[in-house]
Amino acid sequence: MLAGPLGTLFDLLLVVLGFGLIVFIHELGHFIAARWARSRVLAFAVGFGPAIFSYRKGMGLQRGSSEPEYNEHVRTRGKPPPGTSPTEYRLNALPLGGYVKMLGQEDLDPGATSEAADSYQNCTPWKRLIVISAGVIFNIISAAILFVIVFGVGLRTEPAIVGQLVAGSPAATAVSTDGAHVGLQPGDVVRSIEGRTANSFNDITLAAAMAKRNEPVAISIERSGVPDPIAFEIVPQAGAQTGLLELGFFPARTLRIFDADTEAERNDIAQNLASIGLPGVEAGMRLVSINGDDSITRAGDIAPLINRIGGGPIDLVFESDTGERVAITTASTPLLDNAVTAMPGGGEVAVDHLLGLLPVLRVNPEANPDNVKQGLRPGDVFVRIGSVTHPSVAAGIREIRDHSGRALDIEVQRRASDGSTKLIALTVEVSREGTVGFGVGDTAGLDARVALPERTLRDHRDDAQPRPRPANALIDRPGTVIESIGGEPVNTLLGVRETLRDATRGAYEAGVQEASIDVTLRAPGADAPATIPWTLTRADLDRLHGLGWASPIFPGLFEPEQTLLKGEGPLDAVGLGVAETQRVMLMTYVTFARLFEGTVRVEHLKGPVGIAHVGTLIASRGFVWLLFFLALVSVNLAVINFLPLPIVDGGQFLMIVYEMIARRPVPLAVQSVVTTAGLIMIAGLFLLVTFNDVRALLGL
């Protein structure tokens with residue numbers, strides 16, 4: 001097995017050759033159908049550009065193209081050389097695709113017709129429909145064959161099991177249709193989604209991404225300890241990273257830390273684990289117990305167990321394949337509440353808060369410095385963005401988006417290595433998409449400074465309305481620092497949470513309907529702090545004491561669970577292959593519908609560069625995955641080619657249908673106009689998706 005750059009290059013070569021083979025099969029369909037229809041085929045070419053080699057019956061194999069010699073003989077003697085074929089088979093310089101050239105048929109020149117008896121125009125229209133459709137049919141058949149092979153051998157993929165849930169996400173807050181259950185849980189097995197069997201986690205991702213905006217997705221799950229399936233209807237929301245509609249949970253993961261192939265990689269993993277508080281833990285080790293509890297079976301069990309433990313020390317035990325154990329004591333982190341607030345122009349952004357208290361926006365301190373742009377650094381705290389001082393995450397994003405495509409003045413507080421801080425003034429350029437170039441973080445665990453409350457905060461439930469939060473009556477100036485709760489000093493907003501819970505625990509457990517606690521605040525520029533009584537309702541107390549704890553172990557450390565998606569026999573493999581072909585075809589058409597609706601954007605589409613990049617990543621997972629990817633590409637090529645657009649087969653198909661109905665061809669002037677328009681549209685889309693592919697590849 002090749003590794004490193006050489007392995008990547010080999011995978012890329014396989015993808016390029018595989019893509020070329022798919023296009024070759026498409027053109028082979030046209031070629032066979034044309035020969036069947038007795039239409040003269042002038043060239044069957046693999047690739048584009050000048051011919052490297054060519055073969056023509058009667059002239060043999062030769063360098064370059066035999067076409068000039070053949071045409072010269074016809075021009076000077078009025079007939080082709082004796083014993084020669086009119087068809088030349090070419091291998092061109094750019095082996096990406098291919099084409100079939102028939103007499104009297106040129107996509108880019110509708111006027112290039114021929115009156116010869118065996119020309120394309122002189123085929124009956126129904127035969128021309130078959131010739132035009134044959135490429136698409138061959139692609140669908142070849143995709144189905146590839147899928148059958150894949151499901152006959154078996155595809156190792158992520159099972160349709162709920163892993164880590166995103167706090168406050170649609171999946172975490174959904175209520176079952178019978179009202180008996182709130183939220184999905186780690187370990188839930190998704191049996192069906194939108195009425196279709198969920199064979200893998202990919203089925204869940206696609207169904208959510210292809211959902212209509214603001215419309216629920218029906219999910220049926222099986223849960224351990226619950227005898228009957230549980231039905232949910234969940235409205236997906238746009239993901240912060242992808243922009244696609246998502247349900248808000250990740251694939252299930254094992255308790256085994258990612259392994260490595262080389263000693264150097266194992267050392268890198270060990271160093272990274274030590275840097276996040278897991279010294280001595282190595283690649284390939286398994287987490288076997290938490291605080292002595294060895295009942296955990298997957299990474300999704302960790303967070304619920306941490307919540308049951310609550311605050312305090314967490315004892316972790318890891319074990320290697322040889323039985324060596326490593327014990328580590330760490331601690332969990334208090335979680336804040338999560339809600340959403342509206343953004344100008346539509347959409348919402350999720351924010352963490354404590355009864356409406358919002359931390360200040362900062363650059364994610366754990367971000368890769370190479371991904372932080374325009375003079376910013378990981379850990380920088382935003383003191384001012386434009387006209388907004390001490391912005392919350394929502395207020396900062398809002399102000400940045402309001403300056404899309406323009407320069408924006410900002411000020412950040414930066415901590416030096418000696419612990420001192422200084423104020424840095426910067427002018428940044430905001431992209432047209434409303435971004436500057438940094439990962440979002442906040443000051444909840446850094447200090448007790450808070451932003452101005454958001455008065456449009458609402459819970460994630462679809463029917464939830466913005467409601468007043470206790471912080472609205474407490475904070476009236478951004479940058480206010482909370483110094484103490486009930487006389488107890490606090491240093492961070494997470495500390496405020498714990499101190500406030502301790503101060504109100506008696507009232508909460510006694511079931512009182514209202515409690516008051518003194519809060520000491522220092523407003524920016526104030527000469528002295530002020531102590532204010534803060535009243536919390538029963539609902540506020542329930543919310544406060546219902547907050548959980550964040551696991552000290554990041555689930556991404558662990559290998560994903562895998563299942564073998566395989567037919568139980570040849571017939572079952574055929575059934576899976578045909579069903580997958582139908583599903584991919586439908587999803588491709590739905591993608592275009594969602595593109596017009598706006599839930600899928602042009603940036604999500606992939607051109608040749610993006611396809612090659614994704615294909616290379618997939619090919620690295622194994623040859624069966626490469627076959628699966630090529631089957632997907634084959635179906636997509638078939639669907640795109642049969643769209644009712646000029647230039648592609650679907651547009652040609654419609655013109656022939658018009659000719660059959662009207663009993664005359666589409667006027668040449670109309671053909672020329674739509675061909676030119678189609679060429680401009682396709683060329684423009686090609687340039688746009690290629691630009692987006694290159695930009696994404698370079699991380700711009």
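## A tour of the salt bridges

The count of salt bridges here comes to 25. Keep in mind as you look around that this is a predicted model.

**Stop one.** Select Glu 559 and Arg 256. Their side chains meet in a salt bridge, with 3.6 Å from N to O. Now colour the strands: Glu 559 sits in strand 32 (residues 558-560) and Arg 256 in strand 13 (residues 253-257), so this pair links distant parts of the chain, 303 residues apart. Is Glu 559 buried or partly exposed? With a relative accessible area of 21%, Glu 559 is partly exposed, because buried means under 20%.

**Stop two.** Next, select Arg 398 and Glu 454. Here the salt bridge spans 3.1 Å, N to O. Arg 398 belongs to helix 8 (residues 393-402), while Glu 454 lies in the loop between strand 26 (449-450) and strand 27 (480-485), so the pair ties together parts that are 56 residues apart in sequence. Glu 454 is buried, at a relative accessible area of 8%.

**Stop three.** Move on to Arg 449 and Asp 447, whose side chains meet in a salt bridge of 2.8 Å, N to O. Which values put both partners in the buried class? Arg 449 has a relative accessible area of 11%, and Asp 447 has 15%, so each is buried because the cut-off is under 20%.

**Last stop.** Finally, select Arg 56, Glu 67, Glu 88, Arg 90 and Lys 101 together. Salt bridges that share partners join these residues into one network.

Key: Residues numbered from 1 in each chain as written. Predicted model: local features only at pLDDT ≥ 70, side-chain atom pairs only at ≥ 80, totals over all residues. Heavy atoms only, no water. Salt bridge = Lys/Arg side-chain N within 4 Å of Asp/Glu carboxyl O. Helix = DSSP H or I, 4+ residues; strand = E, 2+ residues; numbered from the N terminus. Buried < 20%, exposed > 50% of the residue type's maximum accessible area, 1.4 Å probe, protein only.
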